[in-house]
Amino acid sequence: MATGTIQQMEMLDYINEQPRHGQERSRDTNQTERRLAHLLFLSFGVLCIIQAILNISLRLALYSSKESSPLDCNTTHFTDQKKAVEMNCEGKRPGYHCNRLQERFNALTRDKDMLENRNNELNNKIKKLEEERDRLKMMLNGLKKSSLRILTSGQGDGASSQKCPADWREINSKCYFLSNEQKTWGESRKYCQRNGADLVVIDSEQEQAALYRLDGDADLLFWIGLYNINGIFKWVDGSALTKSFWQDGQPGDGGPNREDCVEMYHFNPLKANWNDAPCGQKRRWLCEKDQSTSSHC
């Protein structure tokens with residue numbers, strides 16, 4: 001019994017015994033390490049949150065910069081962009097960004113207008129060149145055919161290639177005479193008839209093209225063999241008018257002056273340069289005859 005009591009008293013003394021100095025230091029170290037671990041964990045969490053916020057901010061900034069990028073220069077939206085600039089700057093105090101946008105838009109507008117004007121000029125030049133090309137092609141084809149006929153004829157009978165009289169021009173196996181002086185339509189026809197010819201009869205687009213600039217780029221206006229009889233235009237050889245090249249609005253009624261004779265003016269377009277005029281006016285004239293007839297003159 002006494003022994004048990006002594007053991008209990010020793011246990012109580014052990015329990016109530018104060019911790020040693022080494023044990024206290026170990027416990028303090030463990031608590032400090034736990035606090036540091038908690039602090040590091042919290043710091044890492046805060047860093048993760050900050051990183052997420054930065055990523056979101058960068059994405060929003062990038063999207064905002066794309067939405068507020070400079071004006072699109074596509075001509076389809078040019079008018080809409082102008083309205084957008086005016087709406088953005090309207091009612092606001094002028095600032096550097098707004099002024100720069102307005103200056104840039106004005107510069108783009110000037111460049112656009114300049115390019116459109118240049119494009120229109122080039123299109124007009126292209127159209128004129130195409131017309132001149134077509135006319136030259138027709139003349140070239142006529143000259144080729146004429147040269148081939150002359151070459152074949154010369155080889156067949158040994159005759160000279162000169163089959164038109166002096167001062168007459170050979171075009172497509174026919175002889176033409178363009179006067180230097182001016183006469184009325186009736187006087188012009190008499191001159192042609194005295195020389196075994198008559199005023200020119202134009203019955204094809206090929207002949208029209210060949211005679212279009214017979215005298216180069218000179219101011220060429222001459223009588224042709226077309227006249228009005230009883231309200232109907234006919235050729236001097238009696239044939240009907242089937243292929244015509246009237247100017248716009250022609251033939252006209254002439255008002256008080258009858259316009260029964262026809263002239264050709266080369267400054268007008270190739271397929272629209274005939275005009276009816278009073279027969280008493282004086283013009284140059286163009287005679288025409290076949291090569292076979294010219295040998296007798």
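Is phenylalanine 177 buried or exposed? Select it and look: with a relative accessibility of 12%, phenylalanine 177 counts as buried, because the cut-off for that is under 20%. Keep in mind that you're looking at a predicted model.

Now for the aromatic rings. Searching the whole structure turns up eight aromatic pairs. Phenylalanine 177 belongs to strand S2 (residues 174-178) and tyrosine 191 to helix H5 (residues 185-194), so the pair ties together parts that are 14 residues apart in sequence. Tyrosine 191 is partly exposed, at 22% relative accessible area.

Next, pick tryptophan 235 and tryptophan 274. Their ring centres are 5.7 Å apart with planes at 85°, so this pair is edge-to-face. It links distant parts of the chain, 39 residues apart: tryptophan 235 is in strand S5 (residues 232-235) and tryptophan 274 in strand S7 (residues 274-277). Both are buried: tryptophan 235 has a relative accessible area of 2%, and tryptophan 274 comes in at 0%.

Time for some charges. Zoom to lysine 289, whose charged end sits over the ring of tryptophan 168, 4.3 Å from its centre. Then try arginine 283: its charged end sits over the ring of tryptophan 223, 5.8 Å from the centre.

Last stop: helix H6, residues 205-212. Six of its eight residues are buried, namely Glu207, Gln208, Ala209, Ala210, Leu211 and Tyr212.

Notes:
Residues are numbered from 1 along each chain as its sequence is written. This is a predicted model: local features need pLDDT of at least 70, side-chain atom pairs count only at pLDDT 80 or more; totals for chains, interfaces and linings use all residues. Side-chain values use heavy atoms; hydrogens and water are left out. Buried means under 20% relative accessible area, exposed over 50%, partly exposed in between (1.4 Å probe, protein chains only). Helices (H or I, at least four residues) and strands (E, at least two) are DSSP runs, numbered from the N terminus. Rings of Phe, Tyr and Trp (its six-membered ring) pair if their centres lie within 6.5 Å; planes under 30 degrees apart count as stacked, over 60 as edge-to-face and the rest as tilted. A charge sits over a ring if NZ of Lys or CZ of Arg is within 6 Å of the ring centre and within 35 degrees of the ring normal.
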